[in-house]
Amino acid sequence: MRNSNCVATAAIVVVALLLALPPRNADAAKLEGRNVKIGCLVPLTGKGAEWGQTAKISMEMAVEEINANGGIGGLPIDLICYDTQTLEPEGLKAFSRLVERDKVLAISGPCFSSVFETIAPQLDRLKTVINSYCSAKPGLSAMSKWAFRNTLTSDKQLKPVVAAWVEEYHPKKVVIIYDAEDAVSKAEGVSVLPALFKAHGIEVLESLSYRTNDTDYSAQVTSAPGFIEIAGKAAEGTYMSTAAWIDDPRHEVQAYLKKFMARNNGKAPPYGGPRAYDIIYSYKHCFEKAGITNRPADLDSDRDKIRECLGALKQFPGVAGEITMDENRDGAGASAVLKVVNGKYVNVAK
């Protein structure tokens, strides 16, 4: 009898504790419909194909993980991707299709600054979030309250790199060389680097431009095949930055990298890969937290709730680092400062 009383008492305590605990995924209210639509703008062809292909793989990984764990509000994510072909008109066309025909809740992408800059003027009319994983030209997100970038603009990336380079080499005079055809490289060569050098008391002797007819080429330096091998000893001491360091020893980075490389023939992604992966998880967070319904009649209000949530993101955990949006809706995290040491990239960020 005594044992029965103990069991009954224990059962009551357990029930009381269960009632006191918040329900699992309390913010993830059951959504209406058959799926949750997220748009995806990726350059799968053209000069930026490597960035688009690796971003798409990364987003698909995140979607599969989330769907395997119950999706969002009990519904699976439907990731709808279109190829921008690394062309501005195609990017704009694909964006309009996602918003008006597919009626997605939010869009991951586009990748490059030139495409982002083409789409941004349409955002206040179409009122749907875009969130870039690899555009770096400063000032673009300020074009619309619907424009976001889960990456670091080139001024944020270059400031710590220039400081580290100046501290080691103490240059007095420099020559700037930039790609006049690339939106990011041109912005860096014309505006960002001159201002940073001036702040360090360094004289810019001359600015030289060249034309590759490429897109965001400057962002691809650390992923260019054979860069260190081609440069040889001349690469030693080279400084550069990246918005996501793939060799970061953190467990979540290496877990992502292992899964990614198994899908990409053993090849690691540029920084846009982990940034794109993190965007999908940040969307899951905001879809749940913002209280969207996923009803067709609520599409406009759902999109606006998502926008407000993304703008308030602070220290949201991600593979590429914590996501914090600044006042212009650009990522405000830390940049990795890479230096070539003994033929390898080493993060020397302080």
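Mentor: Asn342 is placed in the loop between strand 9 and strand 10 (344-347). Please keep in mind as we go that this is a predicted model. Although Asn342 is not a glycine, its phi is positive, at about 55°. Is Asn342 exposed or buried? Its relative accessibility is 70%, so Asn342 counts as exposed, the cut-off for that word being over 50%.

Helix 3 itself covers residues 88-101, and its 14 residues reach 20 Å from the first C-alpha to the last, close to the 20 Å expected at 1.5 Å a residue. Within helix 3 the buried residues include Gly91, Phe95 and Leu98.

The backbone has another feature at Gly109 and Pro110, whose peptide bond is cis, with omega near 5°. Pro110 lies in the loop between strand 3 and helix 4, and this brings us to the cysteines, because Cys111 lies in the loop between strand 3 (106-108) and helix 4 (113-119) while Cys134 lies in the loop between strand 4 (130-132) and strand 5 (147-149), so that the pair ties together parts 23 residues apart in sequence. Cys111 and Cys134 are joined by a disulfide with an S to S distance of 1.7 Å, and both cysteines are buried.

How many disulfides does a search of the whole structure find? The search finds three, and, with bonded cysteines counted along the chain, they follow the pattern 1-2, 3-4, 5-6.

In the disulfide of Cys40 and Cys81 the sulfur atoms are 2.3 Å apart, and the link is right-handed, with 95° about the S-S bond. Cys40 belongs to strand 1 (residues 36-42) and Cys81 to strand 2 (residues 77-83), so this pair ties together parts that are 41 residues apart in sequence. Cys40 counts as buried because its relative accessibility is 0%, whereas Cys81, at 21%, counts as partly exposed.

The disulfide of Cys286 and Cys309 has its sulfur atoms 2.2 Å apart, and with -80° about the S-S bond this link is left-handed. The pair connects distant parts of the chain, with Cys286 in helix 10 (residues 272-289) and Cys309 in helix 11 (residues 299-311), 23 residues apart. Cys286 and Cys309 are both buried.

Finally, turn to the surface, where Val175, Ile177, Leu205, Leu208 and Tyr210 form a nonpolar patch that has about 440 Å² of accessible area together. The elements giving two or more residues to this patch are strand 6 (173-179) and strand 7 (203-210). Strand 7 gives the most, with three residues, and Leu205 is placed in strand 7.

Terms used: Residues numbered from 1 in each chain as written. Predicted model: local features only at pLDDT ≥ 70, side-chain atom pairs only at ≥ 80, totals over all residues. Heavy atoms only, no water. Helix = DSSP H or I, 4+ residues; strand = E, 2+ residues; numbered from the N terminus. Expected span 1.5 Å × (residues − 1). Buried < 20%, exposed > 50% of the residue type's maximum accessible area, 1.4 Å probe, protein only. Patch = residues over 30% accessible without salt bridge, like charges linked within 9 Å, V, L, I, M, F, W, Y side chains within 5 Å. Areas by Shrake-Rupley, 256 points an atom, 1.4 Å probe, with all protein chains shown as cover. Salt bridge = Lys/Arg side-chain N within 4 Å of Asp/Glu carboxyl O. Disulfide = S-S within 2.5 Å.
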